[in-house]
Amino acid sequence: MNDDEPTRANFAPGYVNLRNYEEPALIKVKQLAHVCIFANDLDETRRFYEDVLGIDIQFNFLRDGKIFGFYLNCGGRSHIEVFHKEGARFSETNQINHFCLEVEDIDAAIAHIASRDVEVTAKKLACDDTYQAWLRDPNGVKIELFEYTGKSAQFTGGDRVADW
């Protein structure tokens, strides 16, 4: 052995000899599990997500015998987590700008939402070849509705020029 070659004895405690280090396997994300939002009024927020967007409650969070939050089932293994927080408000400068829900029929979704007296934008074909519409929940959280097409970049790939 060469005298200049590091040995276990001449490494400082807590350091690892990288010469024999094996790279761990990469994390493989399956899908987005949930997003979390805060609500000023849990009952109003629950009604909005159930009645306007048709999303079922998966379960409630209880503390001291009272509901202080709930999980919304967005299909498959995706959820929206909602917790009560007084004074919560959405801002355009938040790190997370919006969340998006894939819908089967965006025209039907827009018609249903509008019938509940909730403001929703018209359908637009976006630069990624998906249809989209926008609305806000009672807390001001921006929600994008998405309907994929056969040409959607999410499936076909390729760069797209942003038109906004």
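This is a predicted model: local features need pLDDT of at least 70, side-chain atom pairs count only at pLDDT 80 or more; totals for chains, interfaces and linings use all residues.
**Entry 1, the loop residue.** I began with asparagine 139, which lies in the loop between strand E7 (131-136) and strand E8 (142-147). The helices (H or I, at least four residues) and strands (E, at least two) I refer to are DSSP runs, numbered from the N terminus. Residues are numbered from 1 along each chain as its sequence is written, and side-chain values use heavy atoms, with hydrogens and water left out.

Is asparagine 139 buried or exposed? I found it buried, because its relative accessible area is 9% and buried means under 20%, with exposed over 50% and partly exposed in between (1.4 Å probe, protein chains only).

Next I looked up what asparagine 139 touches. Setting aside neighbours within four places in sequence, its contacts are Phe38, Ala39, Asn40, Asp41, Thr45, Arg89 and Phe90; contact here means heavy atoms within 4.5 Å. With threonine 45 there is a polar contact, side chain to side chain, at 3.0 Å. For a polar contact I need a pair of N or O atoms within 3.5 Å; within protein, one must be able to donate a hydrogen and the other to accept it, and residues adjacent in sequence count only if both atoms are side-chain atoms.

Threonine 45 took me to helix H1 (residues 42-52), where Leu42, Thr45, Arg46, Phe48, Tyr49 and Val52 are buried. Aspartate 41, also on the contact list of asparagine 139, caps the N-terminal end of H1, with a side-chain oxygen 3.0 Å from the backbone nitrogen of aspartate 43. Just after H1, glycine 54 has a positive phi of about 70°.

How many aromatic pairs does a search of the whole structure find? I got nine. Phenylalanine 48 and tyrosine 49 are an edge-to-face pair, 5.1 Å centre to centre with 85° between the planes. My cut-offs: rings of Phe, Tyr and Trp (its six-membered ring) pair if their centres lie within 6.5 Å, and planes under 30 degrees apart count as stacked, over 60 as edge-to-face and the rest as tilted. Phenylalanine 48 is buried at 6% relative accessibility, and tyrosine 49 is buried at 0%.

Phenylalanine 61 and tyrosine 71 also pair edge-to-face, at 5.9 Å centre to centre and 70° between the planes. Phenylalanine 61 is in strand E2 (residues 56-63) and tyrosine 71 in strand E3 (residues 66-73), so this pair ties together parts 10 residues apart in sequence. Tyrosine 71 is buried, at 12% relative accessibility. I also noted a cluster in which ring pairs link Phe59, Phe61, Phe68, Tyr71 and Phe83.

Two arginines turned up over rings. Arginine 63 lies over the face of phenylalanine 68, 4.1 Å from the ring centre, and the charged end of arginine 46 sits over the ring of phenylalanine 70, 4.5 Å from its centre. The test is NZ of Lys or CZ of Arg within 6 Å of the ring centre and within 35 degrees of the ring normal.

E2 and E3 pair antiparallel over seven bridges; I call two strands paired if DSSP finds at least two bridges between them. Isoleucine 57 stands opposite leucine 72 in E3, and leucine 72 in turn has isoleucine 80 as its bridge partner in E4. E3 and strand E4 (residues 79-84) are antiparallel too, over five bridges.

I checked both hairpins. That of E2 and E3 has two residues between the strands, and aspartate 64 takes a positive phi near 55°. That of E3 and E4 has five residues between the strands, with glycine 75 in the turn at a positive phi of about 100°.

Further along, E5 and E8 pair in the parallel sense over four bridges, and glutamate 102 has phenylalanine 146 in E8 as its bridge partner. Strand E5 (residues 99-102) has Phe99 and Leu101 on its covered face, and Cys100 and Glu102 on the uncovered one.

How many disulfides does the structure hold? I found zero, using a pair of cysteine sulfur atoms within 2.5 Å as the test. Cysteine 74 is partly exposed at 30% relative accessibility, as is cysteine 100 at 35%.

The chain has three helices and eight strands, running β-α-β-β-β-β-α-β-β-β-α from the N terminus. Of its 164 residues, 30% are buried.
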